[in-house]
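This report covers the interfaces of one model.

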Amino acid sequence: MEALSLPAALALVAGGGAGLSPERRAALGASLPLVQRDYRFERVWFWGCIQGLRGAYYIAEGLGPDRAAPRCRLYSLNCLDWSLLTPATEEMLVLAEQLKGHFQGDPSFEYSLAEINAEAAARLVQSGKEPVIKEEARLIATIEQIDRAVGIVPRGAFVKTPLGSVHENRYFEGLSLVEAKKLSSYFHFTEPANLKNKTLLEKADLDPSTDFLDSLEHDIPRGSWSIQLEKGGTVVVLRSLLWLGLTFYHVPMTKQFGYVYFGTGEKNLDLPFML
Amino acid sequence: MDQSPESDPAEEPQSAYLQDAHEVRHGPYQPHEPGYGLDQPGYSPYEDEIPDPQTRMLAIKNAKAYLLKTSTKSGLNLYDHFANILTKILDEQPANTVDIIENISQDVKLAQFRKKMDTLRDEYVIPPTVEAAEKYKALFVKEGGEDEQEELEEEMGQPSLPNVMETAFYFEQAGIGLSKDESYYIFLALKNLINVQPIQTCRFWGKILGLEMNYIIAEVQLREEEEEEEETEEEGEEIIAEEQNEMDEAEEEDEQKEKEPEPPKSTYKPPPDIPKEANGTGTNKYVYFVCNEPGKPWVKLPPVTPAQIVCARQIKKFFTGHLDAPVVSFPPFPGNEANYLRAQIARISAGTHVSPTGFYQFPVDEEEEADTYEENLEFEPPPVAEMVESLATWAHHVKEILKQGRCVWIKPAQKSEENEEEEEEEEEEEQQEERGQALLTLISEDEGIKDIPAWTVQASTDLIPEYAVAILQSNRWPGAYAFASGRKFENIYFGWGHKYNSENHTPALPPPAEAEFPSDPGITERADPTVEEEMAFKAALEEALAAAEEEENEEVEDD
């Protein structure tokens, strides 16, 4: 969610019981504008927090002129001092998927690879590295996975220009109440994977400037989103059941939308049994 | 426009505009173009010679006529369109107009389709939000005359309305909790609940999220007389239900007798039926009321049975938000979602309700194994730093649920006399009494899950330790929290109602299928006898017959 609208947005997603303490909110209000200045970001999003056993990681994302370009990610343990995370590599993602259990809350904590994946450990040893994976790498990979799988925006909030870059749609006035209850009105804000597989017939109705992303309605497994009207029907709240803790809000007929993650950073692999 | 280097708007604004208009780079006009002629040297306004006004007028007229041409498709013309665009721009004065001129043009065109005047008035569309708003508004209405209220309260003693907002404040220090509005609506809803129901104590238990709706849960203790009445009612219902069942079974039996041959009987024996705990004790110590949203009617959850708790441990299902929804699972859950919700509430309460050590104590006069506790009035709260440092400063005040699904172990009752003998052998093995942790056990004795400790405790702030609050977070039940500050403490739950599991959830496998018939020589398959075998068999048979005859003859002779 936008750092600027953080206090209002947190009140809208508070229905799940998770939020930030007044101390953290105040600290974010002070430190995020400084982050924006230091890294020359155009926009700063507060991404959420990942709970560890001994502490929590607070995550922020910085956006450049092209909103769909890979985002810079920063983490902080106290909401004041931010450190930049490196971009996620495919290897990191593969290794991090095999790690289980809660985060520790210490970025330099080392998970031993030998127990989890002997092959990868052997490869690392051959190339002269220690067979360990740092919690920082796991953090990077987890954020990337969550963003890829469940980072969403309402349809029409972003437009793709003929030059290929993506901008906020200045004419976006929010989804109507009817549209807001449908999963097809929300898009994954990441590189589309299923768009190319669509048939010509399906593509015919798409508007290339707004429909350049994958919509949620074909997410696997079906029913991996809980969509509810909260606060007396004034705000639409989507909760991901695959990554429990991810909450998206949108106030219909306004430009307010955003998502935030408050959770343990573990994927809900039991989902098929739970529906 | 003022970016143009030569223009000086301060000195002669009019000429600047003209000049500017003239400076637009454009190739030479072709004769068919409407602006043809204006650009010719002879007609330039900047030439010393005065141009021929008539020719110029004609060119302008031509240009205007072209702009006024009505489109055959939309019926619009460019002249009016430009005029509208310029009016809109000058009225609204947006920033960086040149970048969004296309959009403005589009907007103006779209506006053409909106009806401006109509004798019919639009129907006022009532947004769906008003329904909820009306419900919320009803919460604020004070019920009944104040005099009546006071009389009632004098009669029955003041029921304890929890201070939801104060609790919410303490949890907010750790970033846990609902928004302030929602907390206040819940506060009001609890007040209404207390007015309606005969409630002795009341507490906001927490909120369980569902797929379509969420549950807001109140934990109450009813006054004793009322409870007894309700129990009798429930029992009455059960008896009726049982009678009906018997009737059905009898009918079925009649039908079965007609059929021939009789199908094999199942040898499956259901596990012994363990009676549920009486209201007011063990897992049914409290009564729970739930509603989907504050303002909606509160629904009382049925008491939990041990079978439901045992089954709830084996399944993991999302709540839908509808209490009457079936729970489709394996092993089959005995009951619907209301029962499942009640079972999960019992499990969460048993696992996560904690208080500072020493706040509660066992009653002094009772010598038996105590299931009750009372508040220790001499309790001196430890400082927050100490509460954060050691888990031994926290204790469970709800009894652990045994494997059997009850808090107090009971010997499974023998169901019917017929099966008694068969079951006795099995039961002897099961007779061992299960014992759980005693009440008020320290939470430092809780087992973690693998290398994850059962609890995480931290202070709400490091910056202002004087006013910090100790926050305890359960890792077994993500979403369960407790806070303690001085003599104040509270437990709360916000989450999906599932236990943490570091491994994947593995649903129980169905038991092996039963053999259809007992295997005896009459029905087992055998290889057909060969000719030799048959001959040998016949020979053997004849021999035997001959021997028998001989014997008979001998017998006759003897006679």
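The text below takes the interfaces in turn.

## Basis

This is a predicted model, so local features need pLDDT of at least 70 and side-chain atom pairs count only at pLDDT 80 or more, while totals for chains, interfaces and linings use all residues. Residues are numbered from 1 along each chain as its sequence is written, chains are lettered from A and ligands numbered from 1 in the order in which they are written, and side-chain values use heavy atoms, with hydrogens and water left out.

## Interface areas

The size of an interface is often given as the accessible area lost when the parts come together. Here, buried area is the accessible area (1.4 Å probe) that two parts lose on being put together, summed over both.

| Interface | Buried area | Carbon and sulfur share |
|---|---|---|
| Domain 1 of chain A and domain 2 of chain A | about 2,600 Å² | 62% |
| Domain 2 of chain B and domain 3 of chain B | about 1,600 Å² | 68% |
| Chain B and chain A | about 3,400 Å² | 54% |

## Within chain A

Chain A is assigned domain 1 (3-108 + 135-149) and domain 2 (152-266). Such bounds come from an automatic or database domain assignment. The contact between them (heavy atoms within 4.5 Å) takes 35 residues from domain 1 of chain A and 27 residues from domain 2 of chain A. Taken over C-alpha atoms, the centres of domain 1 and domain 2 of chain A are 20 Å apart.

Two salt bridges are counted between these domains of chain A. A salt bridge is a side-chain nitrogen of Lys or Arg within 4 Å of a carboxyl oxygen of Asp or Glu. Arg67(A) pairs with Glu168(A) in a salt bridge, with the closest N and O atoms 2.8 Å apart. Between domain 1 and domain 2 of chain A, 15 residue pairs are in polar contact (both at pLDDT 80 or more). A polar contact is a pair of N or O atoms within 3.5 Å; within protein, one must be able to donate a hydrogen and the other to accept it, and residues adjacent in sequence count only if both atoms are side-chain atoms.

Which element gives the most to the side of domain 1 of chain A that touches domain 2 of chain A? Strand 1 of chain A does, with eight residues. Helices (H or I, at least four residues) and strands (E, at least two) are DSSP runs, numbered from the N terminus.

## Within chain B

Chain B is split into domain 1 (53-112), domain 2 (146-249 + 273-343) and domain 3 (352-400 + 437-495). Domain 2 of chain B puts 19 residues into the contact, and domain 3 of chain B puts in 16 residues. Two salt bridges cross this interface of domain 2 and domain 3 of chain B. Arg203(B) and Glu490(B) form a salt bridge at 2.4 Å, N to O. Strand 1 of chain B gives six residues, the largest share of the side of domain 2 of chain B that touches domain 3 of chain B.

## Between the chains

Contact joins 45 residues of chain B and 38 residues of chain A. Leu211(B), Phe318(B) and Trp496(B) supply 16% of the area that chain B buries against chain A, more than any other three residues. The rule finds one salt bridge across the interface of chain B and chain A. Asp270(A) forms a salt bridge with Lys316(B), with the closest N and O atoms 2.7 Å apart. The interface of chain B and chain A also has 14 residue pairs in polar contact (both at pLDDT 80 or more).
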